[in-house]
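Hi there,

Here is the structure I promised to pass on.

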Amino acid sequence: MSNVGRRHGRALVIGGGIAGPVVAMALQRVGIESGIFEAAPAPSDGVGAFLTVASNGIDALQAIEAHRPVVATGLRTERMALFSGRGKFLGAVEAGVPLTDGSTTTTIERARLYQLLHDEARRRRIPVAHGKRLVAIDETTCGVVARFADGSSEEGGFLVGADGIWSTARSILAPDAPRPEYAGLVGLGGRARGVHLDAEPSTFQMFFGTRAFFGFIPVDGTDVLWFANLPIRPEPERTELASVLAGTWKERLVETFEGDAFPARELIDSTADEDLRTASMHTLEPPGSWFSGRSILVGDAAHVTSPSSGQGAALAMEDGVELARCLRDRPDLGSAFATFQRLREGRVRRILRAAKRVNSDKAAGPFGRAIRDAVMPMMMRWMAGPTRQLWLLAHHIDFTGPVGGPMALLAA
Ligand SMILES: Cc1cc2nc3c(=O)[nH]c(=O)nc-3n(C[C@H](O)[C@H](O)[C@H](O)COP(=O)(O)OP(=O)(O)OC[C@H]3O[C@@H](n4cnc5c(N)ncnc54)[C@H](O)[C@@H]3O)c2cc1C
């Protein structure tokens, strides 16, 4: 075992979504062994729609040499072009920045991303246990015990709560943390097959429709990934969302986009019922403290920016890599966790604020829409400036360098 591994002990990574395998692979690279404990009884198959891993997330994967399968499988996404519901061009921005090897922002089905990250973790001999739903965390004098719903338990040196938006780890570590907040939007997405659109490749086209937001990106000659954000209040129950038949959602979508000047109807009609996904959209303010004792939160368990930011998966990946670096460079868990939160919190909160603004633009009423459509071209021109988005999309974690930069080494 490495010195770092001896210092902190084995990691219990709770949740095998996106953050889980990334954090486990990053920990392995700094010499810390881990096991992933996932509640779902079996590997996720076809669950979730697609998501965008922004270039900053791909950069984090590159730091642990795990980005190649993702960029090779996903869809290169270079630009986001915005239009009004009447088809008026409002502006375009770069969707990412190119990394040293040319890879950039990638759109990929969540299930595929999940599978690629898990394949990579398995290839690196990181054990993943399914059917392990965390229910309690106990601290001992020199470690931590995770207790699972099936009655089993696991002991380690520290615990990483990567169990997503409805995190049990968060409810245990930060019982007073804010609850996920409904963004007022239901997200629907799918894959249309056999359509012939004259659409620019590698460009996400997005439309502020009269009643709802719509976006699409062509996959190849005939397939198109699309999504819609419908303003719906109050928040539908999860069971209610699941019980509405795909055909009923599709009828509602067609009505919603009636009269808008973009090909929503064609794409919705070309989507098979089994290719349609629905989910309510939430944001989550991070808790005051992301850690307690020997346990810490990462990814959606710590912060949720809503799909509008296009940053959920990327931030989870950044978290994994940054946490490993802090554990490598700090002498004990307490200072590693505190450094991690300090390095991550400002960035996460800034992205959260931006996502909230986008969500309110998407749910705007008639007056808000008029203002938005008037102001948006100016805003887009401003955002398209060569350096405006760099803080977001070119964020780079120097994984091999010391936390705090070279000056930290001199001070140490
Ligand atoms: C089923 C699903 C579908 C999604 N679909 C989309 C999508 O279409 N578009 C999009 O932008 N984002 C989607 N997301 C969210 C997106 O994956 C995350 O925002 C992002 O990738 C952050 O990843 P994460 O690992 O922090 O959280 P998640 O990807 O949510 O992973 C959390 C994992 O923890 C597991 N878990 C939960 N509770 C426990 C527990 N008590 N014990 C052990 N394990 C537990 C979950 O089963 C899950 O595998 C989806 C998430 C899920 C879970």
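Which residues are linked in a network of salt bridges? They are Glu109, Arg191, Arg193, Asp223 and Asp275, where a salt bridge means a side-chain nitrogen of Lys or Arg within 4 Å of a carboxyl oxygen of Asp or Glu.

Before you go further, please note that this is a predicted model, in which local features need pLDDT of at least 70, side-chain atom pairs count only at pLDDT 80 or more, and totals for chains, interfaces and linings use all residues. Residues are numbered from 1 along each chain as its sequence is written, and side-chain values use heavy atoms, leaving out hydrogens and water.

Arginine 191 sits in strand S13 and aspartate 223 in the loop between strands S15 and S16, so their bridge ties together parts that are 32 residues apart in sequence. (Helices, H or I of at least four residues, and strands, E of at least two, are DSSP runs numbered from the N terminus.) Arginine 191 is buried at 15% relative accessible area, and aspartate 223 is buried at 8%; buried is under 20%, exposed over 50% and partly exposed in between, with a 1.4 Å probe and protein chains only.

Arginine 349 also forms a salt bridge, with glutamate 345, at 3.0 Å between the closest N and O atoms. The two are 4 residues apart in helix H11, about one helical turn.

Finally, helix H2 has 9 of its 11 residues buried, so it is largely enclosed by the rest of the structure. Just after H2, glycine 31 takes a positive phi of about 95°.

Best wishes
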